[in-house]
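Student: Can we go through the charged pairs in this one? Show me the model and start there.

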Amino acid sequence: MRSDFSKSGPEFSSGEFPTLGSGLRLSPEVHAWLDGRLPAHAARKGDAAHDVEFWNRIESDIAKRRQVRTPVHVQRAVMAALPGASRVTVRPWHLRTVTVARGVLALGGAALVALGLALGIALG
Amino acid sequence: MKTTAAAAEQTEQPENSDQEVISRVLAGDRDSFGILIQRYSDPLYRHALGMTGSPDVAEDILQMSLIKAYQHLAEVRGRFDAWVFRIVANGCKDWLKNIRRTHLSYEEDDQPSSYATPEEELDRTELRSDLDRALASLPASLREAFIMKHVEGRSYEEMAELLETTVGALKMRVHRAREALQVLLEEKYA
């Protein structure tokens with residue numbers, strides 16, 4: 001069953017939509033064919049032949065959309081953006097490696113010598 | 001619900017089932033997440049592209065969704081593909097809401113061209129452009145149902161599971177989407 005529409009047809013732009021309920025109604029057979037449950041010849045009855053031809057035409061573009069693949073750089077971008085390792089191991093303080101600069105080492109040595117001299121004077 | 005290719009892959013290599021891969025990722029094998037990306041990105045990208053109409057936006061949504069999936073991987077209950085699909089679908093809906101809120105209208109001509117080659121540009125036939133615009137004019141729920149049925153090739157039962165609604169409701173959405181698209185396009189393409 002098809003409602004009448006003006007020959008000019010509705011314009012469409014983002015957000016606009018023909019009022020539901022006042023539009024075209026496809027036959028159950030056409031819907032069943034589009035769902036893959038009926039062969040095309042079973043859907044072509046009366047006016048429905050026009051609908052079948054229309055959807056055959058649209059199908060040519062929809063078939064191409066089914067073949068679209070994810071752009072190749074997407075996976076690379078995702079992997080590069082993932083957060084770091086999910087598990088962090090914390091070493092006990094007494095097992096950690098300590099790095100000391102030479103200057104710090106020299107100062108520490110000098111401080112120990114000075115301390116020793118001071119103790120010697122105090123005890124002497 | 002898994003794509004044929006993804007299901008076949010898991011049958012042939014049970015040690016690479018989704019659950020096995022997820023367990024490895026959670027144990028620290030970050031690179032294994034790439035297996036899941038390769039397995040499911042195509043249908044997810046097609047969904048995002050169908051919903052937004054923009055390759056750039058679809059890529060952004062897919063990337064953000066996959067990163068979010070990685071961050072919340074320990075929360076997966078049930079099937080990974082259904083779970084990550086919902087993340088992508090929600091990302092698309094959020095983008096659409098934002099478009100409406102900021103009164104931006106999706107006009108194809110306003111979108112920067114994201115096609116890699118001139119051949120891809122030429123491949124955008126007039127039908128492709130008109131169908132894009134017609135889809136963009138549908139309410140999001142009808143557009144989503146149409147894309148899932150016709151572009152993604154899902155059964156109504158799969159769709160009902162993913163969208164957490166009934167088969168009957170989805171059939172109505174798909175039927176209405178078809179009828180609305182035909183109203184919009186048949187004068188030129190009938």
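Student: Which residues are linked in a network of salt bridges?
Tutor: A:Asp61, A:Arg65, B:Arg128 and B:Asp132. A salt bridge here is a side-chain nitrogen of Lys or Arg within 4 Å of a carboxyl oxygen of Asp or Glu. This is a predicted model, in which local features need pLDDT of at least 70 and side-chain atom pairs count only at pLDDT 80 or more, while totals for chains, interfaces and linings use all residues. Residues are numbered from 1 along each chain as its sequence is written, chains are lettered from A and ligands numbered from 1 in the order in which they are written, and side-chain values use heavy atoms, without hydrogens and water.

Student: How are A:Asp61 and A:Arg65 placed in helix H3 of chain A?
Tutor: They sit four residues apart in that helix (residues 48–66), so about one helical turn separates them. Helices are DSSP runs (H or I, at least four residues), numbered from the N terminus.

Student: Is B:Asp132 buried or exposed?
Tutor: B:Asp132 is buried, at 9% relative accessible area. Buried means under 20%, exposed over 50% and partly exposed in between (1.4 Å probe, protein chains only). A:Asp61 is buried too, at 2%, and A:Arg65 at 11%.

Student: How many salt bridges are there between chain B and chain A?
Tutor: Five. One of them joins B:Asp42 and A:Arg69, at 2.4 Å from N to O. Over all chains, the search finds 17.

Student: Which buried residue has no salt bridge?
Tutor: B:Glu59 is one. The nearest side chain of opposite charge, A:Arg76, is 9.8 Å away; Lys and Arg count as positive, Asp and Glu as negative, and His and the chain ends are not counted.

Student: What does the side chain of B:Glu59 make a polar contact with, then?
Tutor: The side chain of A:His73, at 2.6 Å. A polar contact is a pair of N or O atoms within 3.5 Å; within protein, one must be able to donate a hydrogen and the other to accept it, and residues adjacent in sequence count only if both atoms are side-chain atoms.

Student: Different topic. Where do B:Arg79 and B:Glu161 lie?
Tutor: B:Arg79 lies in the loop between H4 and helix H5 (80–101) of chain B, and B:Glu161 in helix H9 (residues 156–163), so their pair ties together parts 82 residues apart in sequence. Their closest N and O atoms are 3.6 Å apart.

Conventions: Helices (H or I, at least four residues) and strands (E, at least two) are DSSP runs, numbered from the N terminus.
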